[in-house]
Amino acid sequence: MKALRLPLAWAFLAALIILGAPAAAQNLSAPAASPKLDSGDTAWMLTSSVLVLMMTIPGLALFYAGMVRKKNILATLAQSFGATCVITILWMIIGYSMAFTDGGSHNAWIGGFKYFLLGPLNTNINLASPLAPTIPETVYMFFQMTFAIITPALIAGALADRMKYSAFLLFMGAWLLLVYCPIAHWVWGNGWLGKAGALDFAGGTVVHLNAGTAGLVAALMLGKRKGLGSENMAPHNLAYSVIGASLLWVGWFGFNAGSAVESHDGQAGMAAAATQIATAAAALAWMFAEWVVAKKPSVLGMVSGAVAGLVAITPASGFVNPTGALIIGIAAGVVCYLAAVHMKKALGFYDDALDCFGVHGVGGALGALMTGMFASHAINSAAHGWLIDHNFDQMKLQLEDIGATFFYCGAMTFVILLAIKYTVGLRVSEEVEVEGLDINLHGEVVQA
């Protein structure tokens, strides 16, 4: 009996091969199946989404709150927290649909309304977006929501200490729908800039130049803080700012590496490495530049340099090699230091309180431009940069992206703020500003 087992086993195996051969041949000739949801990609993107949310609350909230005077700390924290709540609801209702769905004949400029109240996701939780086919669209929507939250919230750095809270919340909502959603669609939602080939891996123009430009316009329309230049406006608690900047740094790996929208190859890993390298380089570059000019390396300068590096590497993180990341970081540290400290002082006509434009506007534009310089086809098949791949046309596309974002954002931000100015008003009264926003707008004060 034992002697028969081996021949029978071989016969059974041969039968399986013969019977399976036609099916195998048929599978070889069949078209490739559409991508399936990937558990690893999904887990990574859920993690990235939470990391990006952490960048706003508590990261950005603490970073900004530490730089204002004691009487305005709670009001500054409330801006980040309130923006998070307002934008979450608007994104769910219509923002996601406007930014990331097909708008039919107007698809190049704005999305459609198919996802109003996230309708399709109410009946199919495993639905995948064409923009991220290996993760559920619920996860992709949540990830993009966290970007939509932090972008308007960044603008608060330019208007600190003097804006009404009611006006701020109205501005956050209107700016999200009229500025952020269209520009996000242009670049990431299969719109005209993305189709043309503009490179923005994680938001150099969509997030940072966009927010920085709006911050500049807001600072100009609000006017300067009362007492600027004659009163002490030193940060009350730089420890808050260091903690906030550190949370931003850690959360930024979700921001940049998460923008790979997958974890099954090396793209997310390279984006993470580029982010770390550029951030450290920019912090050192700002520190040494300040050391040379001001004779002391300030703690605020170091953390501001780190944020500048994070900003500048954002559009490039998935397109450049480590050397490119190092150069971008060094450039960001020096250029943003000059813009935030010396250019603002030399020009003198705007009060960008916490350097939203100097860091995010200038850093975002610089990063977008240097993405065109150092993008490499060897790192990302979608990229063909100037210095490595000898494609100077990429620089033209990057300039087009920068120009379109700057001018559209600037014009629309002005219109939104003008409308708010002549309805609820933009700025608190002089008495409220002098006494402090915390006690007057929120009825609370920081005791310690």
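Where is the place of Asp161 in the chain? Asp161 sits in the loop between helix H4 (137–154) and helix H5 (165–188). Helices here are DSSP runs of H or I with at least four residues, strands are runs of E with at least two, and both are numbered from the N terminus. The phi angle of Asp161 is near 80°, a positive value in a residue other than glycine. Asp161 is also buried, because its relative accessible area is 4% and buried means under 20%, exposed over 50% and partly exposed in between, using a 1.4 Å probe and protein chains only.

Before we go on, a word about the model. It is predicted: local features need pLDDT of at least 70 and side-chain atom pairs count only at pLDDT 80 or more, while totals for chains, interfaces and linings use all residues. Residues are numbered from 1 along each chain as its sequence is written, and side-chain values use heavy atoms, leaving out hydrogens and water.

Now step back to the whole chain. You can find 15 helices and two strands in it. The radius of gyration of the chain is 25 Å, close to the 22 Å that the globule rule gives for 448 residues, so the chain is as compact as a globular protein of that length. That radius is taken over C-alpha atoms, and the rule is 2.2 Å times the number of residues to the power 0.38. Of the 448 residues, 52% count as buried.

Let us follow the chain into helix H12. H12 (residues 356–374) has 19 residues and reaches 25 Å from its first C-alpha to its last, close to the 27 Å expected at 1.5 Å a residue; the expected span is 1.5 Å times one less than the number of residues. This helix is mostly covered, with 17 of its 19 residues buried.

Helix H2 (residues 39–65) holds Pro58. The peptide bond from Ile57 to Pro58 is cis, with omega near 15°.

Finally, look at the cysteines. A disulfide is a covalent bond between the sulfur atoms of two cysteines, and here it is counted when the two sulfur atoms are within 2.5 Å. The whole structure has zero disulfides. The sulfur of Cys85 is too far for a bond because its closest cysteine sulfur, in Cys181, is 18 Å away. For Cys181, the closest cysteine sulfur is in Cys409, at 13 Å, so that is too far as well.
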